[in-house]
Amino acid sequence: GDKKKKELIEKLPQIYTQIERQYGISAGDFPNCADMQQKLSERDFKSLPKFKQEYIDTVNSMLAHDIPPLMQRINEEEFKASGQGDITGGVFGDGNDPFNEQYGTGMKLGAGESTWIVNEEKPKWDHQFSILGPDSNGKLDGRKLKPHFLQSKLPNSTLGKIWKLADVDQDNMLDQEEFALAMHLTWNVAVKGLPLESPLPAHLVPPSKRPDRPLFEGELSRAENDIYPPLT
């Protein structure tokens, strides 16, 4: 009756949390809780259709087999369309001109600088990486990383984009630099509502993944490393 309906609506935040934990769903994928409570309060629960398991099985099958390839296509289309304005070429070509509204923010942050922008907060990300327990190759897989990513409360579709951008070597795992990059894209770009761009801008590529990476203090040249391999 009305008492049970009221109780269910009041417990909706706890129900959201339970579903998040049980099924690994990001909070960002849920409708606004307060809005949903208001809409439920206006509905006559007796008019709602009865539960049918075959409907649930159909939806589960669709989520498992039909939605993933569709989401892949949507992500590809979004990536192709991202960052393309009406004016191209010259100083308007890549969004790095000082008149662009995103200049110096989001994924433009650090462009043109001599140091990797991710390094500013990398000690914090390195500490988190260590706590998560990388394998003997110094990498973390999606199973270990998913709960950590979900703490951002971003939609799974956005987290999927971040994963693809950060997994520079495309081995479906993240090493220490790739993890730091993923955290940078999460907290300094996506959480702030700024767009993700593909492909990954050159200035955000982790130093060790750059084909012609600059030498850092204390490093030997490639030729010297060939002659004097580092001690292991």
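This report describes helix packing, backbone features and a surface patch in a predicted model.

## Helix packing

Two packed helices are described by the angle between their axes and the distance between the axes. For helix α6 (residues 142-150) and helix α7, the axes come within 11 Å and cross at roughly 125°, and α6 and α7 are therefore oblique to each other. The crossing in which α6 passes α7 is right-handed.

Helix α7 (residues 156-166) also meets helix α8 (residues 176-190), where the axes come within 9 Å and cross at roughly 140°. That angle makes α7 oblique to α8, because only angles over 145 degrees count as roughly antiparallel. Here too the crossing is described as right-handed, with α7 passing α8.

## Backbone features in the loops

In the loop between α6 and α7 lies K153, a residue that has a positive phi of about 65° although it is not a glycine. K153 is exposed, its relative accessible area being 51%.

The loop between α7 and β2 (173-175) holds N172, which is not a glycine either and has a positive phi of about 60°; with a relative accessible area of 56%, N172 is exposed. Further along, a cis peptide bond with an omega of about 5° joins S198 and P199, and P199 is placed in the loop between α8 and α9 (222-227).

## A nonpolar surface patch

V59, M62 and L63 make a nonpolar surface patch of about 240 Å². Of these residues, V59 is located in helix α4 (residues 53-81), and V59 counts as partly exposed at 38% relative accessibility.

Notes. Residues numbered from 1 in each chain as written. Predicted model: local features only at pLDDT ≥ 70, side-chain atom pairs only at ≥ 80, totals over all residues. Heavy atoms only, no water. Patch = residues over 30% accessible without salt bridge, like charges linked within 9 Å, V, L, I, M, F, W, Y side chains within 5 Å. Areas by Shrake-Rupley, 256 points an atom, 1.4 Å probe, with all protein chains shown as cover. Salt bridge = Lys/Arg side-chain N within 4 Å of Asp/Glu carboxyl O. Helix = DSSP H or I, 4+ residues; strand = E, 2+ residues; numbered from the N terminus. Buried < 20%, exposed > 50% of the residue type's maximum accessible area, 1.4 Å probe, protein only. Axes fitted to C-alpha atoms, helices over the stretch in contact; angles between N-to-C directions. Parallel < 35°, antiparallel > 145°, perpendicular 65-115°, else oblique. Left-handed = near helix turned anticlockwise from the far one by under 90°.
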